[in-house]
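The following exercises are to be worked through with the sequence and the structure at hand. Each task is followed by a solution in steps.

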Amino acid sequence: MTRKVADCRNTPSVSGCTLTISGEEEEVVRAAAEHAVSVHEHADSPELRTMIRESLEDEKVPA
């Protein structure tokens, strides 16, 4: 299974957050949603989780 990555640097924010979260897709979506709520003051919602899921990238494995 390909690990997924959520990287705050790919989403503009006033805080300039640099957090990167990687793992299995469901883990990353859950952790990224919790981070978005606690740090970026977003409301947890199905729409937020869909937005996070759509922004995930495959983790690049060093050659």
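**Exercise 1.** Leaving aside its neighbours within four places in sequence, which residues is aspartate 7 in contact with?

*Solution.* The model is a predicted one, in which local features need pLDDT of at least 70, side-chain atom pairs count only at pLDDT 80 or more, and totals for chains, interfaces and linings use all residues. Residues are numbered from 1 along each chain as its sequence is written, and side-chain values use heavy atoms, with hydrogens and water left out.

Step 1. Contact means heavy atoms within 4.5 Å. By this criterion, aspartate 7 is in contact with Thr18, Leu19 and Thr20, once neighbours within four places in sequence are set aside.

Step 2. Aspartate 7 belongs to strand β1; helices (H or I, at least four residues) and strands (E, at least two) are DSSP runs, numbered from the N terminus. In β2, threonine 20 stands opposite aspartate 7.

Step 3. The side chains of aspartate 7 and threonine 20 also make a polar contact (3.3 Å). A polar contact is a pair of N or O atoms within 3.5 Å; within protein, one must be able to donate a hydrogen and the other to accept it, and residues adjacent in sequence count only if both atoms are side-chain atoms.

Step 4. Aspartate 7 has a relative accessible area of 16% and is therefore buried. The classes are buried (under 20% relative accessible area), exposed (over 50%) and partly exposed (in between), with a 1.4 Å probe and protein chains only.

**Exercise 2.** Determine in what order the strands form the sheet, and identify the strands that stand at its edges.

*Solution.* 

Step 1. The open sheet is formed by 3 strands in the order β2-β1-β3, with antiparallel pairing. Two strands pair if DSSP finds at least two bridges between them.

Step 2. At the edges stand β2 and β3 (57-58), each with a single partner strand, so one side of each lacks a neighbour in the sheet.

Step 3. The pairing of β1 with β2 extends over 4 bridges, and that of β1 with β3 over 2 bridges.

Step 4. Individual residues illustrate both pairings. Valine 5 stands opposite serine 22 in β2 and opposite glutamate 57 in β3. Alanine 6 has isoleucine 21 as its bridge partner in β2.

**Exercise 3.** Which residues of α1 are buried, and what do they pack against?

*Solution.* 

Step 1. Helix α1 (residues 25-38) has 14 residues and reaches 20 Å from its first C-alpha to its last, close to the expected 20 Å. The expected span is 1.5 Å times one less than the number of residues.

Step 2. Val28, Val29, Ala32, Ala33, His35 and Ala36 are the buried residues of α1. They cover an arc of only 165° around the axis, which means that they lie on the same side of α1. The arc is that of the directions from the helix axis to the C-beta atoms.

Step 3. An α-helix has 3.6 residues a turn, so residues three or four places apart point the same way.

Step 4. These buried residues of α1 pack against β1 (4-7), β2 (20-23) and α2 (46-55).

**Exercise 4.** Is glutamate 41 buried or exposed, and what is its phi?

*Solution.* 

Step 1. Glutamate 41 is located in the loop between α1 and α2. Its relative accessible area is 72%, so glutamate 41 is exposed.

Step 2. Most residues other than glycine have a negative phi. Glutamate 41 has a positive phi of about 60°, although it is not a glycine.
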